[in-house]
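The following exercises are to be worked with the sequence and the coordinates at hand. Each task is followed by a solution in steps.

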Amino acid sequence: MKFPIRIVPDGTNLPFMKWAKVRTPISLVLILLSFVLFFTVGVNEGIDFKGGTSVEVHSVNGPADMAKLRATVDGLGLGDVQIQNIGTENDVLIRVATQPGGEEAQQAVVSKVRAALGGGAYEFRSVDVVGPRVSGELARTGTLAVLFTIAGIMIYIWFRFEWQFGIAAVATLVHDAILTVGFFALTQIDFNLTSLAAILTIIGYSLNDTVVIFDRIREILRRYKQMPVVDVIDLATNQSLARTIMTSLTLELALLALFFFGGPVVRSFTAAMIWGIFVATASSIFIGGPILIYFNIRARPEKDNKLAKSDADKAGTTAGA
Amino acid sequence: MLYFPRWQVFGILAVVLIGFLSVVPNFLSKSTLASWPSFLPRSQIVLGLDLQGGAYLLYEVDRNEYIQKRLRDLTADVRRTLLDNPRIGYTGLGVQGQTVQLRIRDLSQLADAKSRLDKLRNPLNAGLLSAGSVYEFDLTVGDDGLVRFSYSAAGLTQRLKQIVQQSIQVIDRRINDLGTTEPSIQQSGDGRILVEAPGLGDPQRLKDLIGQTAQLEFHMVDDEISADQAKQTPPKPGITRFPDQTNANVIYEVDEGALMTGEDLADAQTAFDQQTNEPVVNFRLTGGGAQKFGQVTTKNVGRPFAIVLDNVVISAPVIRQPILGGSGQISGNFTVESANNLAILLRAGSLPAKLTIVEERTVGASLGADSIRAGIAASIVATVFIAVFMIVCYGLLGAFADLALIANNFLMIGILSALGATLTLPGIAGIVLTMGMAVDANVLIYERMREEAHAGRSTIAALDTGFRRAFATIIDAHLTALIAAIALFELGSGPIRGFAVTLAIGIISTLFTAYLVTRLIVSGWVRWARPKVVPL
């Protein structure tokens, strides 16, 4: 094997545009599946958006006695309580749903749990209480942040490229965001603020990937005026392929390091990111570019006409003078 | 592109050097830093609560309770105003929802009533620059004699601002007395206060200190009745009822007007009662307070008065002799800690309104330490993974990219330190992710160089064009990532903001290291080794 290794062999020329028959149905099915999962099973909303209390305890003397722990916490009469191991056998996550009775009722949960599990057998690793009012606001600002990002990106692409590219880029990242939400519904990983952060990062990354390919498409369009658009897109995607794959791989390597060594706190975030980067890479190759075929990106009548017109005007004035 | 004027070389090296130097203070103790020469960077990264452990408490002013309290006060004021000479007859005075209502009996007195009541609307100081004044209450007077005060929306906004400012001062005084940790207290949005206490594993004491309004009042006791009696009969006008702290069945009927309030206190200290040896709180009154208290106690020897804290009677001692010295004692089944807390609360003054916790996040020190260890491990592993991968895929040029990557890591931590930014666990995740992004610029450049070399350019020209052509794309890629980082910053509180900050800093620092530092290295290498082919 030759060193350095080429992940994408030189002269790779894959007919991405021809794969539309396979690609489009796969994409649509995945989107549909994500929607079905989202509306049937739903995402496992964490306390950030649903409100409630989440307490992480660490059993000081060996593995936690789950049965006893469950009995103790159930005995407090707090309604819907989830108890599960996280990370090691010693670490337990206790989740209590929002209590009726406003903000102060949530505080009572903490005191009760602390009192019931106090006495040295358990160490309190973390306590999170999100009241009903704040959880509503977090859900709202979260949604706004995602919409704000998408709008910002559209404006940026519109300035930097033409509007067709803007729509294609947004379609791509909406696709990625939907599949990531589907991933959360499928795996039932806690969906909280950090998950939203993951989705936003994935959106940013998806766009980054797409933009690099778009840059190339535009460059080729300008250089080879006669090349059919299908070939332009294929050529640009192939030329960017090495970069697209290399960057995804380095990112995935970084994420794998985080997943395995970064501890339980960031694990769900990292899992979503690993999936998201994979989807974003695939979609920038298979969707972002190819979708442009539906728009007439070669003819840019407005700009070209304007340019031509002003040139003509100039010529006219010069001639007149 | 491969030629650098000398000043640029120095500039780039200087930035890298400053980056390295800014990292150093993080490995030094505070005392070593103190002896550090002043021209060297000395600020350290601040660890977020999720890494060093601590409590994050978000409080909200209880608007409804505050409004209700103000409406009750207003009711008493209305009664006093109308009963003043000449007396104006009224019926049905009371609080109804968010309003105070009453009906003037004699419609001929309506104008007089209106002008008198108008003074109760309470103009609020709306700040120096704003024209016109904001009133706390809106007043409507109907032709049929129906008078209605309602709490004005503008007044509420204004009041919330003042309440938050006052509360922050009071909380600050209360917590300073605690003396252990150094919490930060700040306004957070409309009517909210954020208290962050690093290193506090169980914030119960903190919550006890902040959660209490600590409104202290002394009232003359009129009667003592049982809870059942209280249910059956409404209180007489001018009389208020407060329950006993220890015995829920005992209800005190006291005169509505307070003899004194917490504002008359000059000092409060914990002590032990000489006879019972129980913890008590000794208080000293201000000059004016002492005079008032002296007069009242002289007039009422033999009668009990109630010490009321937040509408609960702590104790109701009988006045045995006039208290002229301006000091006294509060006893009432205290533990040492609860007596201490009360003394702190009384010294710090009362909160203008009740505060409720709407969000709490506490991280124990052990989880924080684990997170730091995990974050460092992940960073090192990620660096090694990426470094090896880059060398495997790009050989010598990959190694150059690795040097830039390491410079980037130092630069990022250096910038974070210099800014005194807060590093959170998601922030560390941001640094690790940035490493993945950092080599992206290198990948773009190197792939371009390969293409140019394949297209038949000379070695130097291929290297040069690679840098030139990739630039626009790198800028595009970085700017789009920056948009996401800004959105994340807007979205987030605490930890997620940390992620956004490291991501944003990373985007800028990688632009510098991947583009300038790598280019400088490649330029030096070209001059030194005079390569015949592009080694890709």
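**Exercise 1: A sheet across two chains**

Strand E2 (residues 54-61) of chain B pairs with E20(B) in the antiparallel sense over eight bridges; strands are DSSP runs of E with at least two residues, helices are runs of H or I with at least four, and both are numbered from the N terminus. Two strands count as paired if DSSP finds at least two bridges between them. The model is predicted: local features need pLDDT of at least 70, side-chain atom pairs count only at pLDDT 80 or more, and totals for chains, interfaces and linings use all residues. Residues are numbered from 1 along each chain as its sequence is written, while chains are lettered from A and ligands numbered from 1 in the order in which they are written.

Solution. 
1. Within chain B, B:Tyr56 stands opposite B:Arg361 in E20(B).

**Exercise 2: The side of chain B that touches chain A**

Task: State which element of chain B gives the most residues to the side that touches chain A.

Solution. 
1. In the interface, 60 residues of chain B are in contact with 58 residues of chain A, contact meaning that C-beta atoms placed from the backbone lie within 7 Å.
2. The most, 18 residues, comes from H11(B).
3. By class, this side of chain B comprises 37 nonpolar, 13 polar and ten charged residues. Ala, Val, Leu, Ile, Met, Phe, Trp, Tyr, Cys and Pro count as nonpolar, Asp, Glu, Lys and Arg as charged, and the others, Gly among them, as polar.

**Exercise 3: A helix pair in chain A**

Task: Describe how H6(A) and H9(A) pack.

Solution. 
1. Helix H6 (residues 163-187) and helix H9 (residues 267-288) of chain A have axes 9 Å apart, at an angle of about 145°; axes are lines fitted to C-alpha atoms over the stretch in contact, and angles run from 0 to 180 degrees between N-to-C directions.
2. The residues that meet include A:Ala168 and A:Phe184 in H6(A), and A:Trp275 and A:Gly288 in H9(A).
3. The residues of this contact divide into ten nonpolar, seven polar and one charged.

Note on methods
Contact = placed C-beta atoms within 7 Å.
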